Amino acid sequence: MSKLLDDLKFRDLVYQQTDEEGIAKLLENESVSIYCGTDPTGDSLHVGHLLPFLTLRRFAQHGHKPVVLVGGGTGIIGDPSGRSEERQLQSLETVAENAKKLENQLRNIFRGHDNIEFVNNGDWLGKLSMIEFLRDYGKLINVNYLLAKDSVSSRLENGLSFTEFSYALLQGIDYAHLNEHHNVKIQLGGSDQWGNITTGLEIMRKLRGDVEAYGFTIPLMLKSDGTKFGKSTGGAVWLDPEKTTPYEFYQFWFNTADSDVISAIKKFTFLEREEIEKLEESVEKEPHLRLAQKALAEELVKIVHGEKALESALNITKALFSGNVKELTHDELQEAVKGMPKSEAEKKEYNIVDFLVETKLVQSKRQAREDVNNGAIYVNGDRITDLDYVVGAESRLEDAFTVLRRGKKKYQLVEYK
């Protein structure tokens, strides 16, 4: 077995292979072009998209050439895989703009790897007329063959348009095109892409006979409770730092459960086996230290956003933990407060007790007095124990907001009208 495949199996990143022996032989004997794609149906990828591309990067680390496809053509159509209803179609301009943003995010993930090629299937699918599509490709694939695919059969009861029905055929054309013109010999995808990948192999077989091409899928990432990995209580965790800040991104990974963290480290990071085994031991013997979660969060912020973003995320984490929010830079402060619950107040002086009730951090003056007396209240990181403390102009950071904290974790951002 090749060193790469051995590593992928250790990380539980092997699900289906069209020819295990053929793939192993190919990877051992030559540098292979291998592709993975995504459709620009939105303006940002989220953590649910990460795993196939990080797996593709593992192939690059072992000397193979990644070909990253952003589906400017198929993005106009929509993949029925994993969906229960028809996708809302978008304008050509929106899809093209999304494609640029996604390519930039993916280039970040592959930073440091020069031997990489980006392609857009709009460049060849966009030139294909309807008559050419039906004549040259439509006749190659039997309707019954497509009906047997999970991505199609699972949608038949609720209805499936011809547009989305044709998606597997279009993605199959992609693989055939990349195999012929870019020497791509393996297509990599999530387990939900198996039907699309095998359709591509079938198209190649019908067009050119016995070609050297394979399919490889990775398993769906599930949490230990069986639910899908990659969602937070606030919704999707985006790779776009404007949608999910590096600090929020760090916190998402840092909050991974003990039961899931080692599996996530294996799949999402490039840490060596020995280091992973040490972290696994730490989870078992000293889980309170959360060393595995810290390693996971740091690695992922570095991969997606870079070293500077990690440094900033760690500064914010440290400041919020210690309460020293005044030490943060303007940008870090804006990032730190982004996800906090918000309330409003007028630009005037308040007694601390009245202020806590006014901003709804506590429900009553009695509770506010008790919290102040107990040292549970912080204004911009400073502990307040004086019931006569006045919240005024000096308590407004950048003359725009005040950060309140109650206890260890309950934060409230007060914005001024």
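Student: Which residues does the UniProt annotation for the 'HIGH' region cover?
Tutor: According to the UniProt annotation, which comes from an unreviewed entry, the short sequence motif called the 'HIGH' region covers residues 40-49. UniProt positions are given here in the numbering used for this chain, feature names are shortened, and annotations may be inferred rather than shown by experiment. Residues are numbered from 1 along each chain as its sequence is written. This is a predicted model, where local features need pLDDT of at least 70, side-chain atom pairs count only at pLDDT 80 or more, and totals for chains, interfaces and linings use all residues, while side-chain values use heavy atoms, with hydrogens and water left out.

Student: OK, and how far apart are the end C-alpha atoms of residues 40-49?
Tutor: The end C-alpha atoms of that span lie 12 Å apart, and the span is 30% helix and 0% strand. Helices (H or I, at least four residues) and strands (E, at least two) are DSSP runs, numbered from the N terminus.

Student: How many helices and strands are in the chain?
Tutor: The chain has 19 helices and 15 strands, and its C-alpha trace spans about 85 × 50 × 40 Å along the principal axes. Of its 417 residues, 51% are buried, where buried means under 20% relative accessible area, exposed means over 50%, and partly exposed lies in between (1.4 Å probe, protein chains only).

Student: New topic, how many salt bridges does the structure hold?
Tutor: It holds 21 salt bridges, each being a side-chain nitrogen of Lys or Arg within 4 Å of a carboxyl oxygen of Asp or Glu. In general, side chains of opposite charge can pair when their charged atoms come close.

Student: How far apart are the closest N and O atoms of R107 and E103?
Tutor: In the salt bridge between R107 and E103, those atoms are 2.7 Å apart. The two residues are separated by about one helical turn, because they are 4 residues apart in helix α4 (residues 92-109). R107 is partly exposed at 42% relative accessibility, and E103 is partly exposed at 26%.

Student: What about E202, is that residue buried or exposed?
Tutor: E202 is buried, with a relative accessible area of 17%, whereas its salt-bridge partner K206 is partly exposed at 41%. Their closest N and O atoms are 3.5 Å apart, and both residues lie in helix α11 (residues 194-208), 4 residues apart.

Student: Which residues are linked with K185 in a network of salt bridges?
Tutor: E30 and E212 are linked with K185 in that network.

Student: Switching to the surface, which residues make the nonpolar patch?
Tutor: M130, I131 and L134 make a nonpolar surface patch of about 330 Å². Patches are made of residues with over 30% relative accessible area and no salt bridge, like charges being joined within 9 Å and nonpolar side chains (Val, Leu, Ile, Met, Phe, Trp, Tyr) within 5 Å. L134 is found in helix α6 (residues 130-137), and L134 counts as partly exposed at 43% relative accessibility.

Student: And where is D12?
Tutor: D12 lies in the loop between α1 (3-10) and β1 (16-17), and its phi is near 60°, a positive value in a residue other than glycine. R290 also has a positive phi for a residue other than glycine, near 50°, and its place is in the loop between α14 and α15 (291-305).

How values were computed:
Accessible areas come from the Shrake-Rupley method with a 1.4 Å probe; for residues, only the protein chains shown count as cover.
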